[in-house]
Every structure is written in structure tokens, then in C-alpha cells.
Amino acid sequence: MKTIERINVSPSSTEGHFVTNAKKVVNLDKVNETFLVEGKSKLVTRNHTTLEMEDGCLITCQVVYDPFSKAFEKSRD
């Protein structure tokens, strides 16, 4: 099975968050940027720590509460 070299799992990020060497990456929700990652892989970013993932995982965008708008919104870089 061919591995995926690199895919951005945070398209709205100004820096990008890239999964490398996964068996398969499935975009489950384009609005909330939720991805299913299959197999051992790495999450590589320029502005965060690189994470080694031993098994498959679910990656989704962080949501934070904005007290001024009194609503939840996607976290920004």
C-alpha cells in the first residue's frame, strides 16, 4: 500500500498542519476541518510541536469560546 507523503489537515491555517507518511487520510468534514488518519504518521507544523502518531487518529480544528461575541469559533494561528 502506498503511503501519503504529505497532506494539509488545516486548510484555513496560516501556517498549515501536515500529516506525513499516513496510509490514508479522509476528510470527514470540510467546514470543521475534521480528518481521519489511518496508520502510523507524523503531524508536522512550523508553529507547533511535531507529533508522532503510532496509530490512526482523528484530527479536528480546535474550537474556542469568544466572550465578546458570546459564540464558539475556530481557533486561529
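Guide: Let us begin with Lys-42, which counts as partly exposed at 33% relative accessibility. Please keep in mind throughout that this is a predicted model.

Visitor: Which strand holds Lys-42?

Guide: Lys-42 is placed in strand E5. That strand covers residues 41-45 and pairs with E2 in the antiparallel sense, over four bridges.

Visitor: Which residue has Lys-42 as its bridge partner?

Guide: That residue is Thr-20, whose bridge partner in E5 is Lys-42.

Visitor: What else does Lys-42 touch?

Guide: Setting aside residues up to four places away in sequence, Lys-42 touches Phe-18, Val-19 and Thr-20, and also Thr-50, Leu-51, Glu-52 and Met-53. Pro-67 is another matter: it lies 25 residues from Lys-42 along the chain, and their C-alpha atoms are separated by 34 Å.

Visitor: Back to E2. How many of its residues are buried?

Guide: Five of the six residues of E2, which runs over 17-22, are buried, so the strand is mostly covered by the criterion of under 20% relative accessible area. For the protein chain as a whole, 30% of the 77 residues count as buried.

Visitor: New topic. Is Thr-34 buried or exposed?

Guide: Thr-34 is buried, because its relative accessible area is 12% and the cut-off for burial is under 20%. Thr-34 lies in strand E4.

Visitor: What is Thr-34 in contact with?

Guide: Apart from its neighbours within four places in sequence, Thr-34 contacts Val-26, Asn-27, Leu-28 and Asp-29, together with Leu-58, Ile-59 and Thr-60.

Visitor: Where does Leu-58 lie?

Guide: Leu-58 lies in strand E7, residues 57-59. Leu-58 is exposed, with a relative accessible area of 55%, whereas Thr-34 is buried.

Visitor: And which residues does Leu-58 touch?

Guide: Leaving out residues up to four places away in sequence, Leu-58 touches Leu-28, Thr-34, Phe-35 and Leu-36.

Visitor: Stepping back, how many helices and strands does the protein chain have?

Guide: The protein chain has zero helices and nine strands. Its C-alpha trace spans about 50 × 25 × 20 Å along the principal axes. Of the contacts with a separation of 6 or more, 29% are between residues 24 or more positions apart.

Visitor: How many positive and negative side chains are there?

Guide: There are 11 positive and 11 negative side chains, and the centres of the two sets lie 4 Å apart. The accessible surface comes to about 5,600 Å², and carbon and sulfur atoms account for 54% of that.

Visitor: Finally, where is confidence lowest and where is it highest?

Guide: Confidence is lowest in strand E1, residues 4-8, with a mean of 84, and highest in strand E4, residues 34-38, at 95. The average pLDDT of the protein chain is 89, and 94% of the residues score at least 70. Where pLDDT is low, the predicted coordinates should not be read in detail.

Notes. Residues numbered from 1 in each chain as written. Predicted model: local features only at pLDDT ≥ 70, side-chain atom pairs only at ≥ 80, totals over all residues. Heavy atoms only, no water. Helix = DSSP H or I, 4+ residues; strand = E, 2+ residues; numbered from the N terminus. Buried < 20%, exposed > 50% of the residue type's maximum accessible area, 1.4 Å probe, protein only. Contact = heavy atoms within 4.5 Å. Areas by Shrake-Rupley, 256 points an atom, 1.4 Å probe, with all protein chains shown as cover. Lys, Arg positive; Asp, Glu negative; His and termini not counted. Charge placed at Lys NZ, Arg CZ, Asp CG, Glu CD. Pairing = 2+ DSSP bridges. pLDDT = per-residue confidence, 0-100.
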